[in-house]
Amino acid sequence: MSYKKPSEIKAELERKIQEETRSDDIKAKEFMQGNNSNKQQRAERIPTGFSQRPSAVKAGWEARVKEETKADDIKAQEFTNTTGWSKKRAEDVPSFAEKPSQVKSSIETNVLNANKSDDAKSRTYLKKTAKETSVPRILEGLDHVKGGIEARIENERAGADEKARKFLEETTYRGVEARKFKSTLIPLSVLFSKPHKDQVRISPGGTYLAWRSRGRSMADPNELDNGVRNIFVKHRESSKIRQVTYYNDLDACVHFAFTPDDKSIAFLRETKRGNESYHLFAVDIDPFFDQEDTKASDPNSPPPARPRNLITDPNMTCGIGFVGGVQMWTSLESPRHVYVSTSQIGPYALFWDISRVDIDSSQLITIETNVMSTKWGMVRVIILTLIARILSFCCIKVKPPTVPIQWFPDGEMSFRGRLEVNLLNLGASFSVRSKKGRWKTLHSCSFEDTNLQLMGSTGGSGTARMEFRSSRSGDQVDIHLCAFKSGGKTSDTTTYDRFDIDTGQYLKRLAGGKAKSDITGFVAHPTDGRAQFVYYEWEKTVLEVIPGTDGDDNLDWRKTFVEDDLRYIRSYFQPSMTFKIVSRQQSDDAWVLYAESDIGHSMFKGSPSAYFLFTRTATTVRKVNATSSEVRRNIELIFPSRPEMKSYKLARMDPVHVKARDGEDLLCYLSRNPPLPMIKGVHPEPPGPPPPLVMMIHGGPQARDSWGYNPLCQFLCSRGFRVLQVNYRGSTGFGARFLRLGMNGEFYKSVQADIVDAAKYATRNNDTESDDVDPPLPWGDIDQLAILGGSFGGYSALWGITSPNLGLYKCAVAICPISSVGAADAQAEKAFGGSPIIAKYWHRVFGKDVSKKRTIAMKASPMYRIDKVNNASIALYHGENDPRAPIQHSYNMLKELKRCGVAGELVTFTGEGHGISKDENFLYMYYRIEEFLCKQFGMELFDAGEDTKKFEQNTATVKWSAEYAKTEDGAV
């Protein structure tokens, strides 16, 4: 049976309407001519002419149906494009492909609504003219046409639904069968390629937009995309775009900013791939736009300007360290200077100086010196720390010395704020310097009470903040704090509080103290730097206006203004989406927004995320004896970040909650295969058992998983798996109490128990207690589980496969994992470069027993438990230059895997660090992971096609790959 397209239904509709309208017009005319005696009376009651009215009503209805049918045609075409239907697929299920029931349902709804409205209008008109009985055909005509449309659509929908049901019954929604009816198999190069464009910024003066994008390099100027992200700039007025960096070895930067005069871009760049040591660079913009268009478009024409490395000392690192936020600032008062944190230590710097760098001359002047930067200062701190430690054994409390790990400037670029730690117990302090030059500690907390959301789990991710302000009330500072007691109660989540600097007195709370979420970020005004918005993240990220202004600020008007802005932005995006403000023009008339969904969206041109430009203009409205301002707001798409995703159906990500064995609530994210087509308005669950479930564990452990587009989740789902991510206890963002639950040796106990509990919960069947769970249980099959993770997530994957819960997982995938911890062996002590300060942090995570007792540490180390693995496989992938989890961890694991006869593989990558970053390397790694997982679960491995050419230049070495395993009797 073939189905008619919406446009064909429309044509038939028009034909019927014309015939019935012509008949009704004739009857109406005859009626008027045959009643001359009452013509005048009737004309007064029907001044517009009764003979014309029925056709006018029908003409209006015809136009409405025509518009709506055209809209449905467009929707149908969009559906076809989005689902990636090809002619070949249409041959398999032609009706189902060509006429999905959801498109028909939409047409039906539109037509019914239109008919109801026009029928009501016709009846009302006839009753007013008292001619309902004389001209019955007018009433019958509309109902007749409507009924015909309803019957036709119902029949066609029933046929399509029946074919859909039959099709689903014939598939198992697994492996190749799942690909027959939707384009879910996304190529590796599409999934794992870096975003087409990201880090969009607007210049302070509003002249330019800039972003990172994959572009050509000087090594091969004719190659349009070399997989390396370079910096591009667009002149907003002329719309000309110029590439201003031409790197080909690694991305141009991890962070960049315009100078306040709109003349240059300053950026932080890794000195060598994976070494986590950064230098400050700058490139001038004007020469690129002074260049003729013909030269600019010529790939062989040399760039008119080249980036300059402003750090001449090869041993220096700047801007980003082991923890903390990005420490790089510019100043409106001094636009040709960049202020940046600097250290001679190299990677994993914790103790920073502050330097002012001249962009034009590269002159570097240290303006703030850390006590740990000099030999005598370091010796003094160590001696005083030892004294404090000795006295503590004698029950004498002495405040240990503190050292700065992060600096904060005021509006005049005087660095008056510091986040400090003491080396005795790693407790944190928040200190400020008064205008008289005296340092004062406003708040201190122990390491156990320190919320690592402030510090960040990786360099550049910290959210600590100090904002200095002068008012009639005196010199004040607003600080992002943790464990601060106010009103007799200590907040479990982070807070933003105001203090008087001279007296140290607490003044008021501005934001934070939420029940379930720390403050996860701020948005400040572009000129005075005052925080106006604050981010929270529970299930999804939300943005709120900081309500903390007061009369002394004289800024209440600004608060109202940005509330209106935020309300407008929220109304623009759908409730299921999240958005962030990523850049603001100095005049505050234009903002760059980043919006995200878990799946592709038409608003983003099919991409799961996109950048938008929000603009606000005020126009003067003249009224009688007065004038007023009218504010107009607008949002327009700049570009999608991943336009290549528009041809594919993406997996949904649902926030779900799991109760741990002790009742602790665990926020998890379940990613499932793209939804099946709707049947009677509902997305049905696939028939048969659920597909294999991969437990994907985040690193850290002081980190978290978040909602949104995740390429690894999409990769696994497109290959027929489901994915469950677990925010186990110890994850950041949920308050200090939840964080503490994962410290002091719990990393291999309750943390791993949370992961096991989530896996078991996901595979249970519906029961009385879980009938209301959405999506409905089970999410996976207890016999079809895998575990995967990187860094600490890799440790968790190895622990899961070697733990007392033997047999829970069929296989484990560990990327750059730590395999031995604490005092287990010498290799464990070398993690993270052997830094004693970082080692002290890990001692707090591992707890006293694991840190000091070898036997307990060995029990907590997966490497010493390999002999317990039975009928399971392990795959390891590791960068050979990894400074955080040295490659020797995986080499040691390899010896044990071989000795115990465990199946699996070890693949190492030359020139990679803690994480695999080069395109050809991570594409090859995920190809190997796909191959590994498909073999474990008996699923078909699909041809990588053109992707094989993209990873053939990889630097991987397969150190070991074996498909043998130890049998139950111990034989190999």
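**Exercise 1.** Which elements make up the right-handed β-α-β unit?

Solution. Strand 37, helix 22 (residues 888-900) and strand 38 form this right-handed unit. Helices (H or I, at least four residues) and strands (E, at least two) are DSSP runs, numbered from the N terminus. A crossover is right-handed if, with the strands pointing away from the viewer, the path from the first strand over the helix to the second runs clockwise. The model is predicted: local features need pLDDT of at least 70, side-chain atom pairs count only at pLDDT 80 or more, and totals for chains, interfaces and linings use all residues. Residues are numbered from 1 along each chain as its sequence is written, and side-chain values use heavy atoms, with hydrogens and water left out.

**Exercise 2.** Find the partners of strand 38.

Solution. Start with strand 37 (residues 873-879): 7 bridges pair it with strand 38 in the parallel sense. Pairing requires that DSSP finds at least two bridges between two strands. Ser 873 lies opposite Ala 903. Next, strand 39 (residues 956-962) runs antiparallel to strand 38, joined by 6 bridges. There, Val 907 has Val 958 as its bridge partner.

**Exercise 3.** Is strand 38 buried or exposed?

Solution. Buried means under 20% relative accessible area, exposed over 50%, partly exposed in between (1.4 Å probe, protein chains only). In strand 38 (residues 903-909), 7 of the 7 residues are buried, so the rest of the structure largely encloses it. Now check the faces. In a regular strand the side chains alternate between the two faces of the sheet. One side of strand 38 has Ala 903, Glu 905, Val 907 and Phe 909, the other Gly 904, Leu 906 and Thr 908, all buried.
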